[in-house]
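Here is a short briefing on a protein chain. Look at the sequence and the model first, then read the points below.

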Amino acid sequence: MNGVSSILSHFSRLNLKTVINHQIVRWRKPRTIPISKKKMFYVRKPTPVDPKEYKLLQLWTNHYSAEFRSLRKLFIEERRRLATTEAEAVKVSEVKEFEEQLSLNQAENEKTKKYRENDMEKALLERNLGLEEKQMQLEQMRREELLGIEEIVRREKESGQKFVDPKNLEAEIARALDQRVDYNFAIDAKGNRYKGGELVSPDAKEQSPVVLQQPASNEAPLQQ
């Protein structure tokens with residue numbers, strides 16, 4: 001009791017952390033201390049064994065080992081069978097899941113294909129409409145260009161009446177020789193013509209030069 005009380009008092013004085021960190025180890029005698037005198041020259045006598053009991057225990061041990069091995073093999077085979085069955089079940093479930101995902105993927109692809117085809121049709125229709133509009137614009141520009149050309153041709157035809165024709169070339173030459181042009185005029189920065197200090201015409205730059213008719217005389221016109 002004294003030893004137990006001393007141990008309890010010792011642990012009560014220790015800190016809880018210190019107690020937790022300590023480990024109780026079985027006491028062993030140091031190597032330097034020799035064997036005790038009462039154990040010196042002591043030889044342990046073997047435990048006596050009953051032959052019948054030994055045979056019975058040996059029989060039971062053999063039975064136990066055989067049953068243990070049979071059960072162990074049975075459990076191993078059962079585990080293998082279950083593993084194979086589970087693997088097959090997992091494989092079947094994976095195949096089924098893959099087929100479901102494949103069907104969903106195909107359905108999504110078909111839906112995307114329809115959307116893409118609709119978008120392509122819309123784009124093609126818009127492109128055709130744009131081409132038709134451009135074609136109509138080009139045709140309108142060509143018609144306007146033809147109208148402009150026709151207008152130019154019409155104006156040229158109207159102004160062509162004043163052109164010199166080979167048939168009346170001699171008369172036009174005689175008329176040009178009978179006329180005299182006076183170039184004695186000034187032009188300002190704006191293009192206005194001044195003659196004798198007076199403005200001839202605001203639009204004189206767009207008019208023909210001033211032509212002075214010769215006074216009437218009894219003489220015949222010059223002949224070439």
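Glu172 and Arg175 sit three residues apart in helix H4 (residues 169–178), so about one helical turn separates them. They form a salt bridge, with the closest N and O atoms 2.8 Å apart. A salt bridge here is a side-chain nitrogen of Lys or Arg within 4 Å of a carboxyl oxygen of Asp or Glu. This is a predicted model, where local features need pLDDT of at least 70 and side-chain atom pairs count only at pLDDT 80 or more, while totals for chains, interfaces and linings use all residues. Residues are numbered from 1 along each chain as its sequence is written, and side-chain values use heavy atoms, with hydrogens and water left out.

- Glu172 is partly exposed, at 24% relative accessible area.
- Arg175 is also partly exposed, at 44% relative accessibility.
- The classes are set by relative accessible area: buried is under 20%, exposed is over 50%, and partly exposed is in between (1.4 Å probe, protein chains only).

**Overall layout**

- The protein chain has four helices and five strands.
- Helices (H or I, at least four residues) and strands (E, at least two) are DSSP runs, numbered from the N terminus.
- Along the sequence, the pattern reads α-α-α-α-β-β-β-β-β.
- Of the 224 residues in the protein chain, 3% are buried.

- The salt-bridge rule gives a count of five.
- Glu151 bridges to Arg154, and their closest N and O atoms are 2.2 Å apart.
- Why is the separation of Glu151 and Arg154 about one helical turn? They are three residues apart in helix H3.
- Glu151 is partly exposed, with 28% relative accessibility.
- Arg154 is partly exposed too, with a relative accessible area of 37%.
- A network of salt bridges links Glu151, Arg154 and Arg155.
- Glu77 forms a salt bridge with Arg80, where the closest N and O atoms are 3.6 Å apart.
- Both Glu77 and Arg80 belong to helix H3 (residues 51–159), three residues apart, or about one turn of the helix.
- Glu77 is partly exposed, at 47% relative accessible area.
- Is Arg80 buried or exposed? Arg80 counts as exposed, at 53% relative accessibility.

**Surface patches**

- Patches are built from residues with over 30% relative accessible area and no salt bridge; like charges are joined within 9 Å, and nonpolar side chains (Val, Leu, Ile, Met, Phe, Trp, Tyr) within 5 Å.
- Accessible areas come from the Shrake-Rupley method with a 1.4 Å probe, and for residues only the protein chains shown count as cover.
- Which residues gather in a patch of negative charge on the surface? They are Glu94, Glu97, Glu99 and Glu100.
- For charge, Lys and Arg count as positive and Asp and Glu as negative, while His and the chain ends are not counted.
- Each charge is placed at NZ of Lys, CZ of Arg, CG of Asp or CD of Glu.
- Leu56, Leu57, Leu59 and Trp60 make a nonpolar surface patch of about 400 Å².
- Leu57 has its place in helix H3 and is partly exposed, with a relative accessible area of 43%.

**Aromatic rings**

- Rings of Phe, Tyr and Trp (its six-membered ring) pair if their centres lie within 6.5 Å; planes under 30 degrees apart count as stacked, over 60 as edge-to-face and the rest as tilted.
- By that rule there is one aromatic pair.
- Tyr64 and Phe68 form this stacked pair, at 6.2 Å centre to centre and 25° between the planes.
- Tyr64 and Phe68 are four residues apart in helix H3, so about one helical turn lies between them.
- Tyr64 is exposed, at 55% relative accessible area.
- Phe68 is partly exposed, at 48% relative accessible area.

**A backbone point**

- Phe41 has phi near 60°, a positive value in a residue other than glycine.
- Where does Phe41 lie? Phe41 is in the loop between helix H2 (16–21) and H3.
- Phe41 counts as exposed, with 77% relative accessibility.
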